[in-house]
Amino acid sequence: SRAIRLLTGRGLIEGGRLTVGRFVLFTLLIDRMFKPTRRVIKEWSTIGKIFASVDRISDLLDRQPSVVDLPGAVPAPPFRGRVEFRNVSFAYQTDRGDGQNSDGRGPPMSLALNDVSFTASPGEVIALVGPSGAGKSTVLQLIPRLYDPHAGAVLIDGADIRSFTLSSL
């Protein structure tokens, strides 16, 4: 748009219809007139991004936790530290876009653990080894009940952790 103004101004100055001083004044006034408009458009864009962020945060806060205390849950006693995974299977929900899992029912799932069983006694060192996505972090997230397994049980000192309140774990 500046190039068009310069070419038009040059033509008007050469034709004697406009002085250089008036052309400069006209150009400055146009720039000053559009500067606030550009600023308002830029700020409006920022406001739109803020509203989108607030909507996302609101959706997140409205979600119900997937892990809740079971009826009859009791506070956890002091633990000796024996951890057992008994036939544990767990799948993360994924977002495939169509809202269905591979069998067409319910949310899509991504299997992280499949029928995992092991015992870790107090003082024993166990290494979880595997490539990214093999389920190493998932094992650790199941112990404090950040998630519940879809099948099997996680036990501490022989007691299923689902029998304890979340706050005590």
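Me: Which residues are linked in a network of salt bridges?
Reply: Those are R82, E84 and R86 in this predicted model.

Me: What makes the contact of E84 with R82 a salt bridge?
Reply: Happy to go through it: the closest N and O atoms of E84 and R82 are 3.6 Å apart. The cut-off for a side-chain nitrogen of Arg and a carboxyl oxygen of Glu is within 4 Å, so the pair qualifies.

Me: Why is E84 called buried?
Reply: The relative accessibility of E84 is 14%. Buried means under 20%, so E84 falls in that class.

Me: And what about R82, buried or exposed, or something in between?
Reply: R82 has a relative accessible area of 34%. Buried would need under 20% and exposed over 50%, so R82 is called partly exposed.

Me: How many salt bridges does the structure hold?
Reply: There are five. Another one of them joins R145 to D148, with the closest N and O atoms 2.8 Å apart.

Me: How do you know that R145 is buried?
Reply: Its relative accessible area is 3%, and the limit is under 20%, so R145 counts as buried.

Me: Where do E14 and R10 lie?
Reply: Both are in helix α1 (residues 2-14), four residues apart, about one turn of the helix.

Methods. Residues are numbered from 1 along each chain as its sequence is written. This is a predicted model: local features need pLDDT of at least 70, side-chain atom pairs count only at pLDDT 80 or more; totals for chains, interfaces and linings use all residues. Side-chain values use heavy atoms; hydrogens and water are left out. Helices (H or I, at least four residues) and strands (E, at least two) are DSSP runs, numbered from the N terminus. Buried means under 20% relative accessible area, exposed over 50%, partly exposed in between (1.4 Å probe, protein chains only).
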